[in-house]
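Thank you for making the time this morning.

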Amino acid sequence: MKILIVEDEAAIAMQIELCIQEMGYTVIGPVSNGLHALQRVETERPDIALMDVRLVGGMDGTEVALQLRTRFDIPVVFLTAFADDATTRRCKESRPLGYLSKPFTEQGLMAAVEIAIQKIEVDHELERDRGRLAELVAERTAELERTNRYLKSELELRCLVEETLRDREQRLEDLLDNASDLIQSVGPDGCFTFVNNAWLRTLGYSEAEAATISMLDVIAPCSRDHCAAIFQRLKDGESVGLVEVTMLARDGREIALEGNVSARFEGGVLVSTRGIFRDVTERKAAATALREHEEDLRAVLEASPEAVGVINTRTGRFEKPNAQLEQLLGVVGSELVGMGPGQLVPEIQPNGRPSAQMFEEQLEEALRGGQPVFEWTVRNRCGDLVACEMRLAGLSAPRKHLVRFSLTDITRRKLAEEQIGRFNRDLEALIKERSQELAESEQRFRAMFDSSIDGIVVAGHERVVLANPAFARLLGRDPRRIPLDIVNAPIDSFVHPEERQRQVSLHRRRLAGEEFESTYEIRLLRQDEQMVLAEFHVSRFLVRDVAYTLVICRDITERRNAERLLLRGQRMESIGRLAGGIAHDLNNALNPVLLSIEHLLDARPAESEWLRLAEAGTTRSIAMVRQLLTFARGVDGQRVLLEVHRLIGEVERIVRSSFPRNLELLVRQGNALPPVLGDAGQLHQALLNVCLNARDAMPDGGTLTIESESVHVDPSLIASAQSERAKPGVYVVIRFRDTGSGIPNDLLDKIFEPFFTTKDPDRATGFGLSTALGIVKSHCGFFTVESVPGRGSCFAIYLPVAPREKTAPPGSASGMDLRGNGETILYVDDESLLRDVVSKALKSLNYNPITVSNGEDALDRIQEGGDTLSAIITDLHMPGMDGLALVRALRQEAPSLPVIVVTGNLEVFVAEQLKASGVSQTLEKPIRRATIAAALRTVLQASRPG
């Protein structure tokens with residue numbers, strides 16, 4: 001038995017070679033690649049090949065094995081360390097005799113080889129059965145010939161009955177079409193007049209194609225001369241019997257056919273030839289392979305490494321023992337020739353049967369033509385028992401009295417079988433344990449995968465392989481099941497159209513192994529066509545040398561919106577700081593004007609009408625400065641009693657002077673409206689914002705109607721308006737009705753949201769209505785909105801009326817009632833113009849003013865004559881030492897000296913520090929003379945003892 005070893009690992013190949021030689025077989029090779037293996041097979045024709053799956057060179061083990069099986073009918077035992085499904089499927093194509101997994105033991109290798117050899121011998125038995133089957137086929141063919149002759153005579157007998165003939169022909173046509181044999185009819189010109197379905201299937205032609213070709217088109221070149229001779233014999237009226245021809249299929253394959261042909265004559269003229277054939281391609285190939293295999297087997301037996309000899313049944317002695325038999329039994333050939341089988345065995349075999357009786361039975365079976373194989377224990381010359389496997393085979397005539405035998409030492413195999421049994425049991429237990437661990441690990445992974453709050457996606461080449469419920473939720477799908485449009489979908493299916501090319505490019509680059517930033521933002525599309533901004537964290541991993549990407553994604557839409565709001569807030573804060581500085585300077589500029597007007601009103605009563613107009617303009621400017629501070633930096637305005645008709649009147653003047661002329665304004669105010677408590681600047685801004693919104697809703701003109709009245713509000717209206725601070729009671733309601741485009745119902749809930757606008761972003765910021773709502777809510781009021789698309793809208797502002805106990809705002813009392821008694825007042829301010837006008841105002845109030853420009857000079861004056869000072873008025877924001885630092889220093893120099901702080905913008909934390917330093921009076925710029933007088937009267941009275 002010759003065994004080819006194909007292994008590219010030299011150490012493993014050497015191990016296999018030594019083991020095979022110890023088994024007594026001939027080793028061919030070893031060779032390291034598929035090309036050398038095929039070359040050795042062509043020259044040395046091994047019986048079996050031991051083949052590694054992975055080989056160096058252009059062909060792997062599965063390709064070589066397939067060629068060995070198809071070209072040489074040499075079976076293969078695979079040696080492999082790979083057990084994946086793809087490799088197993090490829091190995092199965094070559095119909096291997098077995099698999100031996102690496103690493104393997106010597107016993108495992110020997111067992112695999114012996115099993116493979118046994119399979120080969122079984123295959124030989126099958127080949128003999130095929131021979132017997134061929135005989136049956138011949139008998140069946142003869143029977144078919146008789147049937148054909150019978151059918152022919154029947155057709156000739158019924159040729160005069162036309163209707164019967166048609167029925168018979170139809171039955172015959174069905175029989176021919178359904179027959180498994182190839183049936184054809186050829187005219188004298190060599191063209192086919194009939195072929196059945198089996199003929200068409202076997203040769204691959206359609207019925208139309210068969211009608212256009214001739215017999216010569218389908219005869220293989222190697223059979224054309226033979227077919228020409230047969231045709232000539234048929235024309236001569238001879239019977240040719242069983243013939244063999246080779247035809248060409250439509251795809252060029254050669255098909256061997258065996259069958260009968262006959263000729264039909266009419267009036268001595270050849271009408272057609274008919275043939276019934278059977279495809280014997282596989283049978284001929286098998287016969288050829290069997291013949292080649294028998295030749296190889298004879299060569300192998302002649303040079304067999306096994307312990308082989310011959311038993312002469314006439315003499316009962318050994319003949320022609322080989323060296324392996326001498327070595328196995330420990331007896332030289334000259335002595336062994338004179339011995340018989342009974343001299344080298346124990347009386348009783350291990351199975352309990354007498355050796356002589358058992359051997360006689362097996363010998364008789366071999367003489368009858370059998371080839372018994374049985375376990376046989378022999379005793380060598382040293383007296384040791386050796387377990388062997390014996391094969392007997394009788395020789396053909398004229399040497400029927402000779403029986404060939406071979407002995408194979410199976411001692412190691414017995415031990416190996418025991419070890420393999422133990423190994424299989426241990427392996428089964430290990431597989432069961434590992435399977436349980438794998439199931440638990442998969443269960444843990446699935447629990448983490450399904451419960452993750454982040455979307456997780458595994459993508460292969462251009463397709464999504466796996467996705468978790470969180471990703472389904474992110475896309476607006478049912479997380480209880482992952483729909484088919486997610487798994488196996490293209491990787492850009494869920495990406496915004498503008499991002500798809502970028503996503504595909506990044507995915508391909510990462511699969512190719514390119515390294516770059518693994519975290520990036522991308523826009524996705526939900527099932528409802530809404531856009532989601534997601535953050536992708538992508539990594540690459542390999543599974544059996546196949547690259548995949550793992551994507552962990554998170555919805556950051558709200559976070560990005562919050563960041564944008566934060567940035568906008570920061571910008572607004574910066575604007576607020578700028579506005580605060582502007583307001584400070586404006587207050588310092590307006591304060592001298594206001595105090596001067598008040599002085600002139602006392603000094604020149606005749607000019608009071610003009611001075612009152614100047615005072616109103618200055619007051620309006622001051623209100624605008626306060627409004628700027630209110631909305632730029634969130635400064636709460638001063639809550640005072642306000643007449644609603646005055647607020648509406650101011651808004652009316654602005655609307656009539658600044659709105660387009662194609663917009664008509666109608667104002668209808670109720671009679672005797674009660675006052676409300678609030679900040680005039682803020683409420684003025686809220687009312688104006690609603691008017692601006694109405695103007696934008698009527699770009700082509702229309703009518704804006706402002707109405708006001710006093711109403712009683714019940715809890716149901718407040719609940720429907722969803723106002724938290726509003727309480728049931730009496731309210732003043734101001735309604736703004738426009739004839740504009742109206743608001744769709746699906747947008748009514750969004751119009752008060754910050755940044756929401758239906759206008760061009762360059763024309764609107766989306767703050768108008770949200771600012772108005774914030775102002776109204778801060779005054780414990782609420783909004784209601786009614787709108788009909790195409791017919792206009794009605795915005796209603798509800799403001800609670802002021803409590804009855806509220807009086808006029810502070811500072812309304814006459815300054816003349818609060819004159820001083822010549823007290824010395826120190827005034828500190830860095831604005832020279834303001835120092836001068838405040839000094840004059842203090843003198844007019846009968847105070848003795850002293851002015852300085854900064855905190856350091858103020859401390860010097862206090863140290864020089866602090867006991868003569870009655871109070872200090874200081875600006876809060878000054879260069880160098882500001883007002884807060886001055887107050888802290890004063891508390892060390894003169895802790896009981898009253899201090900009044902003046903500021904245009906008092907922040908909360910500064911007010912708390914001033915209060916902690918003992919400052920009880922703070923005045924808001926611009927200050928009026930009456931306000932100064934009231935504050936001085938308050939602090940001076942509080943500082944007097946008793």
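Before anything else, a word on burial: I call a residue buried if its relative accessible area is under 20%, exposed if it is over 50%, and partly exposed in between, using a 1.4 Å probe and protein chains only. On that scale, 43% of the 946 residues of the chain count as buried. Please keep in mind that this is a predicted model, in which local features need pLDDT of at least 70 and side-chain atom pairs count only at pLDDT 80 or more, whereas totals for chains, interfaces and linings use all residues. Residues are numbered from 1 along each chain as its sequence is written, and side-chain values use heavy atoms, with hydrogens and water left out.

The accessible surface, taken from the Shrake-Rupley method with a 1.4 Å probe and, for residues, with only the protein chains shown counting as cover, comes to about 51600 Å², and 52% of that belongs to carbon and sulfur atoms. For secondary structure I use DSSP runs numbered from the N terminus, helices being H or I with at least four residues and strands being E with at least two, and this gives 28 helices and 32 strands. If we take a contact to mean heavy atoms within 4.5 Å, then among contacts with a separation of 6 or more, 59% come from residues 24 or more positions apart.

Let me turn to the interior. A nonpolar core here is a set of buried Ala, Val, Leu, Ile, Met, Phe, Trp, Tyr and Cys residues joined through side-chain atoms within 4.5 Å. The largest has 35 residues, and those touching the most other members are C691, L704, F736, F783 and I797. Among the elements that give two or more residues to this core are α20 (644-658), β22 (663-669), β24 (702-713) and β25 (729-738), while α21 gives the most, with six residues. A second, separate core has 27 residues, including L182, F192, L200 and A249.

Next, the strands, where I speak of pairing if DSSP finds at least two bridges between two strands. Strand β8 (residues 242-248) runs antiparallel to β9 (residues 254-266) over seven bridges, with V243 standing opposite G259. Their hairpin has five residues between the strands, and there G252 takes a positive phi near 95 degrees. In turn, β9 pairs with β10 (residues 269-279), again in the antiparallel sense, over ten bridges, and N260 has I276 as its bridge partner in β10.

Which residues have a positive phi although they are not glycines? One is R45, at about 50 degrees, in the loop between α2 (34-44) and β3 (48-52); R45 is partly exposed, at 29% relative accessible area. Another is R544, at about 55 degrees, in the loop between β19 (531-543) and β20 (546-555), and R544 is exposed at 69%. The peptide bond from G29 to P30 is cis, with omega near 0 degrees, and P30 lies in strand β2 (residues 26-31). As background, most residues other than glycine have a negative phi, and most peptide bonds are trans.

Finally, the cysteines: with a disulfide defined as a pair of cysteine sulfur atoms within 2.5 Å, the count comes to zero.
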